[in-house]
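Here are my notes on the model. Please read them with the structure open.

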Amino acid sequence: MQEPSGPTHGQSLVLMSQSEGVLQLSLNRPEKRNALSLALVDQLRQTLERLRHQPAVLVVTSSTPGMFIAGADIAELGERGEEEAFRAFNVELFDAIARWRWPSIAAIDGPAFGGGLECALACDLRVASPRARFAQPELGLGILAGAGGNWRLPGLVGVGVARKMLYLGEVIDAAGALSSGLVDEVCDDPVLCARKWAETIRTKPWRALEITKLALGTGGRSSTGLIDILGQAILFESEEKRARMQTFLDRHH
């Protein structure tokens, strides 16, 4: 059951569904194809902030089949100036998603353009439907893919594919996204697939998941090695580790 994630007066732009160890946030602005207005960005960011210490696998998706996030709200974007750019609304939101302490999954059905793709890039994993489409069209609008597209995108697909998407505005379909590494799975019902992954992930120890995510995010062997050593020392002392290993030994005797 999905419920509003913020105040109940007016339209709730983010619907929230919580089950044991899984938090699903569904964008709910179908009349604008979930375009990222300031109100939507703010509601999503506040929800993440409010729940950031409750262990859960995060699933980011849409309340409406056939759409993910069409991009920024161009009408709003056209009115924003230098001051709004420096306030970096979308950067803050996507960084908050990327900093979610446990794994996150984007379930993408339909276009993920501009800020929509940058939102998906901020998640740890991406599951797409066959009708998903991906693009960074910002340069054609006279601006930059400045909320992660310029660095998260080449980190996933390589500089060559990123250049084509950024310079040419090339639209990538679901098959191309899978082959380039932009998405991790293509399935007919991406929300169902994402939730299945989340159900598997949530069976792992939360602290081990958190430390693994920290290690994966360091981007270098020396830093990752240090986190591995420190994290392993913490986990080796945990009661959960002892119980899980004893269960394994009991099962294989």
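1. Start with strand S5, residues 104–108. This strand is mostly covered: five of its five residues are buried. Bear in mind that the model is predicted.

2. Look at S5 face by face. In a regular strand the side chains alternate between the two faces of the sheet. On one side of S5 sit Ser104, Ala106 and Ile108. Ile105 and Ala107 are on the other. All of these residues are buried, so both faces of S5 count as covered, buried being under 20% relative accessible area.

3. Which strands pair with S5? One is S4, residues 57–62. S4 and S5 pair in the parallel sense, over three bridges. Within this pairing, Leu58 stands opposite Ser104 of S5.

4. The other is S7, residues 125–128. S7 also runs parallel to S5, and four bridges join the two. Here Ile108 has Ala128 of S7 as its bridge partner.

5. Now turn to helix H8, residues 174–180, where Ser180 is found. Is Ser180 buried or exposed? Its relative accessible area is 19%. The cut-off for buried is under 20%, so Ser180 is classed as buried.

6. Check the surroundings of Ser180 as well. Its side chain reaches the backbone oxygen of Gly176, at 3.0 Å. Leaving aside neighbours within four places in sequence, Ser180 is in contact with Leu156 and Val157.

Terms used. Residues are numbered from 1 along each chain as its sequence is written. This is a predicted model: local features need pLDDT of at least 70, side-chain atom pairs count only at pLDDT 80 or more; totals for chains, interfaces and linings use all residues. Side-chain values use heavy atoms; hydrogens and water are left out. Buried means under 20% relative accessible area, exposed over 50%, partly exposed in between (1.4 Å probe, protein chains only). Two strands pair if DSSP finds at least two bridges between them. A polar contact is a pair of N or O atoms within 3.5 Å; within protein, one must be able to donate a hydrogen and the other to accept it, and residues adjacent in sequence count only if both atoms are side-chain atoms. Contact means heavy atoms within 4.5 Å.
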